[in-house]
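Biologist: I am new to this structure and would like to go through it step by step. Please show it, and then I will ask my questions.

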Amino acid sequence: MSMTQQAEPAVGRPPASGPEQTDGRTARRPLAIRLLARPEVGVFLGAVAVLVFFLIAAPSLRQGGSLATVLYQSSTIGIMALPVALLMIGGEFDLSSGVAVISSALVASMISYQLTMNVWVGVIVALFASLAVGAFNGWMVVKTGLPSFLVTLGSFLILQGANLAVTKLVTGNVATDDISNMDGFDQARKIFASSVDIGGAEVKITVFYWVAFAALATWVLLRTKYGNWIFAVGGSKESARAVGVPVNFTKITLFMLVGFGAWFIGMHNLFSFNTVQSGEGVGQELIYIAAAVIGGCLLTGGSGSAIGPVFGAFMFGMVNQGIVFAGWNPDWFKAFLGVMLLGAVLINLWVQRTATRR
C-alpha cells in the first residue's frame, strides 16, 4: 500500500477524538439535583410535607374556614418576612422589625385620637415615622460601619422602651384608646383589615397583599437593576462599590423597606383590633428572620429569593394553627419552630455545597 493511500482518511467516518474533557463546573448534574439546589424548591417541598401532615393530624383543617385562618396567620408573618429577606440578601439584619410594627400602630392611633384628627392623618404620620426609623438604622450602619445586629439591637431597645413609656404618658394606660368611632376608620379598615368571601370562607385581605408583594419583590430581584444591586452588596460591598453600585443607597433603602412593612402590618393590627397593646411585638423579629432563613436566605448575604420566604411563612402559619386544630399543647409551637429552623439551615448548607461542588 502506498503512502498516499495510508494517509487518505476514511470517507463518511468522523475523525477520532479523545474522551470529552469536563470538570465540575461544566458537568451537567441530574435535573432532580439541580432543582433541589434551588432553596425555594426545598422549602416548597417542606411546606407541602407540613401541610399534608397537619391535614392528616387535624381533619378540621380541611375546611375552607380553617385554611383561611392558616393563610391569614401566614400572611401577617409573610408580609414582613419579604422585606426582611431582601435586607438579608443585602447582607444585613434588622432586630427592631417586631417592635417597629407596634410603634407604627401606636403613632397612628395616638396622633388620631389624642389630637382628634381623621385617622388617615395618623396613618400618614405613622408611615413617615416608620420610614424614618428604617432610614436611621440604614444610615447608622453605612456611616459607622457597625454591624447591623448591634445597630438594630439598639433601635429595638429604644422602640420597646418608648412604646411603653410614651403610651402610658399619653393615654395613662398600656394600651391606646379605641379609635373605631373616628372619622376615616371605616375606609381605612376596608384597605388594611377587610375580608373577602370565597366559597363561604372569609379570607383576610392581607393574604392578597402578601401574594402581590411577593410577586413584586420577585420581579424586583430578578428583573431590575436594583435587584442586582441587592445581590451585589450582599455578596461583597467592596466589589459592588468598585463596579459602580450605590452601596449606601441600596442598604439604606432596604432598611426603609423593612420600615414600610412594619407600617403596613401595624396598620392592619390597628384597624383589626381598634386598639394596640404597647408591649407587643417583642420576639416577632426572630419569626420574620427565621421565615427568611427557612426560605433559603443565607445568613452571610448575597443569596436568596422572595418566593422562599413565602413558603417559610406558610410553614410557620401552618404549624401555629395546625397545633391548635390538632388539639395539642401550644407550648410545643416554639419547639417545632426550632426544629424547622435547624432543618432549614442544614438544607441551605447542603444546597450551597451542592451548587459549588466540583
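Biologist: Is phenylalanine 264 buried or exposed?

Modeller: This is a predicted model, and the answer comes from the relative accessible area. The cut-off for buried is under 20%. Phenylalanine 264 has a relative accessible area of 4%, so phenylalanine 264 is buried.

Biologist: How many aromatic pairs does the structure hold, and what is the geometry of the one between phenylalanine 192 and tryptophan 263?

Modeller: The structure holds 17 aromatic pairs. In the pair of phenylalanine 192 and tryptophan 263, the rings lie 5.6 Å centre to centre, with 90° between the planes. An angle over 60 degrees counts as edge-to-face. The geometry of this pair is therefore edge-to-face.

Biologist: How many residues apart are phenylalanine 192 and tryptophan 263?

Modeller: Phenylalanine 192 belongs to helix 8, residues 185-192, and tryptophan 263 to helix 12. The pair links distant parts of the chain, and its two members are 71 residues apart.

Biologist: Are phenylalanine 192 and tryptophan 263 buried or exposed?

Modeller: Phenylalanine 192 has a relative accessibility of 3%, so it counts as buried. Tryptophan 263 is at 9% relative accessibility, and therefore also counts as buried.

Biologist: Which helix holds tyrosine 209, the partner of phenylalanine 264?

Modeller: Tyrosine 209 and phenylalanine 264 form an edge-to-face pair, 4.8 Å centre to centre and with 75° between the planes. The two are 55 residues apart, and phenylalanine 264 lies in helix 12. Tyrosine 209 lies in helix 9, residues 205-223.

Biologist: Is tyrosine 209 buried or partly exposed?

Modeller: Buried would require a relative accessible area under 20%. Tyrosine 209 has 22%, so tyrosine 209 is partly exposed.

Biologist: Which residues form the aromatic cluster?

Modeller: Both pairs discussed above fall within one cluster. Its members are Trp120, Phe185, Phe192, Tyr209, Phe213, Phe260, Trp263, Phe264 and Phe271.

Biologist: Which residues does serine 272 contact, leaving aside its neighbours within four places in sequence?

Modeller: Serine 272 lies in helix 12, residues 247-273. Its relative accessible area is 14%, so serine 272 is buried. A polar atom of its side chain is 2.7 Å from the backbone oxygen of histidine 268. With the neighbours within four places set aside, serine 272 is in contact with Arg189 and Ala193.

Biologist: Which helix gives the most to the lining of the largest cavity?

Modeller: The structure holds one cavity of 30 Å³ or more, and the largest cavity has a volume of about 40 Å³. Helix 5, helix 6 and helix 12 each supply at least two residues of its lining. With four residues, the helix that gives the most is helix 6.

Biologist: Which residues are closest to the centre of the largest pocket?

Modeller: The largest pocket holds about 490 Å³ of space. The elements that give two or more residues to its lining are helix 4, helix 5, helix 12, helix 13 and helix 15. Of the 22 lining residues, the closest to the centre are Thr76, Asn269, Glu280, Gln284 and Tyr288.

Key. Residues numbered from 1 in each chain as written. Predicted model: local features only at pLDDT ≥ 70, side-chain atom pairs only at ≥ 80, totals over all residues. Heavy atoms only, no water. Buried < 20%, exposed > 50% of the residue type's maximum accessible area, 1.4 Å probe, protein only. Polar contact = N/O pair within 3.5 Å; in protein donor to acceptor, adjacent residues only side chain to side chain. Contact = heavy atoms within 4.5 Å. 1 Å grid on protein atoms, 1.4 Å probe; cavity = no way out; pocket = protein on both sides within 12 Å on 5 of 7 lines; lining within 4 Å. Points joined across faces, edges and corners; volume = space filled by probe spheres on them. Phe/Tyr/Trp six-rings, centres within 6.5 Å; stacked < 30°, edge-to-face > 60°.
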